[in-house]
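Please walk me through this structure, stop by stop. Tell me what to select in the viewer and what I will find there.

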Amino acid sequence: MEYTLDWLMANDGFLCDCGKRHYGLLKDCIIGENALAKVPEMVRKYGGTHPFVLCDRETYAAAGEKVCALLTDAGIPFTLHIISRTKPAPDERIVGEAVMFCDAKCDIVIAVGGGVINDTGKIAANLKGCTDIYVATAPSMDGYASGSSSMEREGLKVSLNSKCPDVVIGDADVLAKAPVHMIRSGIGDMAAKYISLVEWQIAALLIGEYYCPTVAQIVKESLAVCVENAKAAVAGEKEAVCRLAEGLVMSGLAMNYAGISRPASGMEHYISHILDMRALEFGSPADLHGIQCGIGTLITAEAYEKLAQITPDREKALAYVRNFDLEGWFDHLRALLGHGAEAMIAGEQKEGKYDPAKHAARLEKILENWDTILQIAGELPSSAKLREFFVSIGHPVSGLELGLTAEDMREAFLAAKDIRDKYVLGRLFWDLGELETVAGVLQF
Ligand SMILES: [Zn+2]
Ligand SMILES: [Zn+2]
């Protein structure tokens, strides 16, 4: 069957073949012409009497002003807070502002903007226990419909449980006028799904991780929609930008369905996280989430191609792990990432992925399933094709275009496996004793 956004939202929980009951948490999604006009209706539908409207200066101009005018016309009083900083960071300050300016009488949140504003609105609505309406101003990433907020707390990137927006609104005029770089970012974030879908299958095969073919199919379809509409979306064609936004929402819903981020993020997202951590700690160059993920996707796709050139060697892999200097690697992470490395090191101490006995067990699984691994990796488009696609839409294809060096990117590739306890390509190469070799031949 073909999965549509309406179907995903209409079904409130179904028992899937994977054994899980899947729920879509988003209640309404209005993307298209004149979608903004629906804001007052949505406020009333969810029992709001006094919205708290949150935006920054740019998003106020893009859509916030119109939202306020529509509320006024509808006779709905509201409290408006415009964050005065340009490009506000997702940190304590913005959350503090949202909480301090959200009056006691506010009973519904309307967040107008990109990812940061959405993430903040979700936190405010969660604290208040009220409905959250998100008005998207750019189709720049797929986290709109997620139940968590990607924030920076005490200088560290964290994912905080907040809530899924109840309503997502994407107005065709607003989305089509979004900066083209943000539209490319949305496409980069979707291209990441090529990798995550392959990696999810490999993790299921090797680690026995939960896998749902239905969720994978939904993500696959939303990816196809985004790729089909990419060129026209970048050209600012309204219909295509709306389809792209729908694809992004669907991908987020698929994550909700699975209850994990696995269907939508893998090695390429971790490469992006490393770049974010370094930017936060040392002020090194960084770009939009989706752009970094797009570049990470290209690197990872090229690395997957190297798998086919490897002949797994049990003795070589066992010797590599025997000689691996774990303390030296931890010191390297500290130098590379600063204090953000500590959480990663603590994670390893809990997980023990570097433990030689655990490695030996994984290695046997890898050797047993080698042909299947290659077959799954074969589902990826070639890195040459991906590169061509990115070039055709003006999406950066290398960290160099962001002001990073090849060495920065190589380091991000090597450290990506330590970000979380997920089995990603970097771990597979480490298990094979081939990580540094592969990193030495990739084009960064
Ligand atoms: Zn399922
Ligand atoms: Zn993403």
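Predicted model: local features only at pLDDT ≥ 70, side-chain atom pairs only at ≥ 80, totals over all residues.

Show the strands in the order 3-10-7-6-4-5. They form an open sheet of six, with parallel pairing. From one strand to the next, the twist averages 15°.

**The edges.** Pick strand 3 and strand 5 (79-83). Each has a single partner strand, so one side of each lacks a neighbour in the sheet.

**Strand 3.** Select residues 28-32. Cys 29 and Ile 31 make up the covered face. Asp 28, Ile 30 and Gly 32 lie on the uncovered one. Look for Asp 171 in strand 10, the bridge partner of Gly 32.

**Strands 6 and 7.** Select residues 108-113 and 131-136. Six bridges join these parallel strands. Ile 110 faces Ile 133 of strand 7.

**Helices on the sheet.** Show helix 5 (residues 115-128), which touches strand 4 (51-56), strand 6 and strand 7. Its direction makes about 170° with that of strand 6. Next, take helix 9 (residues 238-258). Helix 9 lies across strands 3, 7 and 10, at about 160° to strand 3.

**The helix pair.** Finish with helix 7 (residues 180-207) and helix 10 (residues 267-282). Their axes are 7 Å apart, at an angle of about 120°. That angle makes helix 7 oblique to helix 10. Which residues make the contact? Ala 192, Ile 195 and Glu 199 come from helix 7; Met 267, Glu 268 and His 269 come from helix 10. By class, three are nonpolar, one is polar and two are charged.

Notes. Residues numbered from 1 in each chain as written. Chains lettered and ligands numbered in written order. Axes fitted to C-alpha atoms, helices over the stretch in contact; angles between N-to-C directions. Helix = DSSP H or I, 4+ residues; strand = E, 2+ residues; numbered from the N terminus. Parallel < 35°, antiparallel > 145°, perpendicular 65-115°, else oblique. Contact = placed C-beta atoms within 7 Å. Nonpolar A, V, L, I, M, F, W, Y, C, P; charged D, E, K, R; others polar. Buried ≥ 20, exposed ≤ 12 C-beta atoms within 10 Å, placed from the backbone. Pairing = 2+ DSSP bridges.
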